Amino acid sequence: MENLKMIVLLNNTILLGEIEEVPSELGEPDCKIIRPFIIKDLEISGLGFTLESWLCDYTNQSDFMIHSDKILTICDPNQNLIEKYSQMNEK
């Protein structure tokens, strides 16, 4: 999990996953996101946050390719997110 990052997409989806830059041809996806989870903010209800598998209802894949131009920013997650991500991947 050395490349674990919080990834904010242009559509305001916030993902938590391991990310790798991959060589690609012009126009092809150039980022690989491994075991991504959507961060669902539940602060309104006072419950904090939850993690939900990204696209789990549609595929059994755990690795996804994405164009870097769909990413607004990438940052390091805090310790709470790291611990929750570790727990989710133990299942």
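Throughout this passage, a residue is called buried when its relative accessible area is under 20%, exposed when it is over 50%, and partly exposed in between, with a 1.4 Å probe and protein chains only. The structure described is a predicted model, in which local features need pLDDT of at least 70 and side-chain atom pairs count only at pLDDT 80 or more, while totals for chains, interfaces and linings use all residues. Residues are numbered from 1 along each chain as its sequence is written, and side-chain values use heavy atoms, with hydrogens and water left out.

We can start with the overall fold. The protein has one helix and six strands, where helices (H or I, at least four residues) and strands (E, at least two) are DSSP runs numbered from the N terminus. Along the sequence these elements follow the pattern β-β-β-β-β-β-α. The C-alpha trace spans about 45 × 25 × 25 Å along its principal axes. Of the 91 residues, 31% count as buried. Among contacts (heavy atoms within 4.5 Å) with a separation of 6 or more, 54% come from residues 24 or more positions apart.

Strand pairing comes next. Two strands pair if DSSP finds at least two bridges between them, and strand E3 (residues 31-41) pairs with E5 in the antiparallel sense over four bridges. Strand E5 (residues 63-66) has two faces: Phe64 and Ile66 lie on the covered one, whereas Asp63 and Met65 lie on the uncovered one.

A nonpolar core is a set of buried Ala, Val, Leu, Ile, Met, Phe, Trp, Tyr and Cys residues joined through side-chain atoms within 4.5 Å. The largest such core has eleven residues, among them Phe64 and Ile66, together with Ile7, Leu9, Ile19, Cys31 and Trp54. Strands E1, E2, E3 and E5 are the elements that give two or more residues to this core, and E3 supplies the largest share, three residues. Apart from this core lies another, of eight residues, including Leu16, Phe37, Leu51 and Met88. In soluble globular proteins, nonpolar side chains tend to be buried together. Ile19, a member of the largest core, touches Asn3, Lys5, Ile7, Cys31, Lys32, Ile33, Ile71 and Ile74, not counting residues up to four places away in sequence.

With a salt bridge taken as a side-chain nitrogen of Lys or Arg within 4 Å of a carboxyl oxygen of Asp or Glu, a search of the whole structure finds four. One of them joins Lys5 and Asp76, whose closest N and O atoms are 2.3 Å apart. Lys5 lies in strand E1 (residues 4-9) and Asp76 in the loop between strand E6 (71-75) and helix H1 (79-90), so this pair ties together parts that are 71 residues apart in sequence. Lys5 is partly exposed at 24% relative accessibility, whereas Asp76 is exposed at 55%.

Another salt bridge joins Glu18 and Arg35, with closest N and O atoms 2.4 Å apart. This pair also links distant parts of the chain, with Glu18 in strand E2 (residues 14-21) and Arg35 in strand E3, 17 residues apart. Glu18 is buried at 11% relative accessibility, while Arg35 is partly exposed at 33%. Asp69 and Lys70 form a further salt bridge, with closest N and O atoms 3.9 Å apart, and Lys70 is partly exposed at 43%.

The cysteines can be settled quickly. A disulfide is a pair of cysteine sulfur atoms within 2.5 Å, and the count by this rule is zero. The sulfur of Cys75 is 14 Å from the closest cysteine sulfur, that of Cys31, which is too far for a bond. Cys31 is buried, with a relative accessible area of 8%, while Cys75 is partly exposed at 27%.

Finally, a look at the helix. Ser86 is found in H1 and is partly exposed, with a relative accessible area of 22%. Ser86 and Lys40 are 46 residues apart in sequence and 16 Å apart in space, C-alpha to C-alpha.
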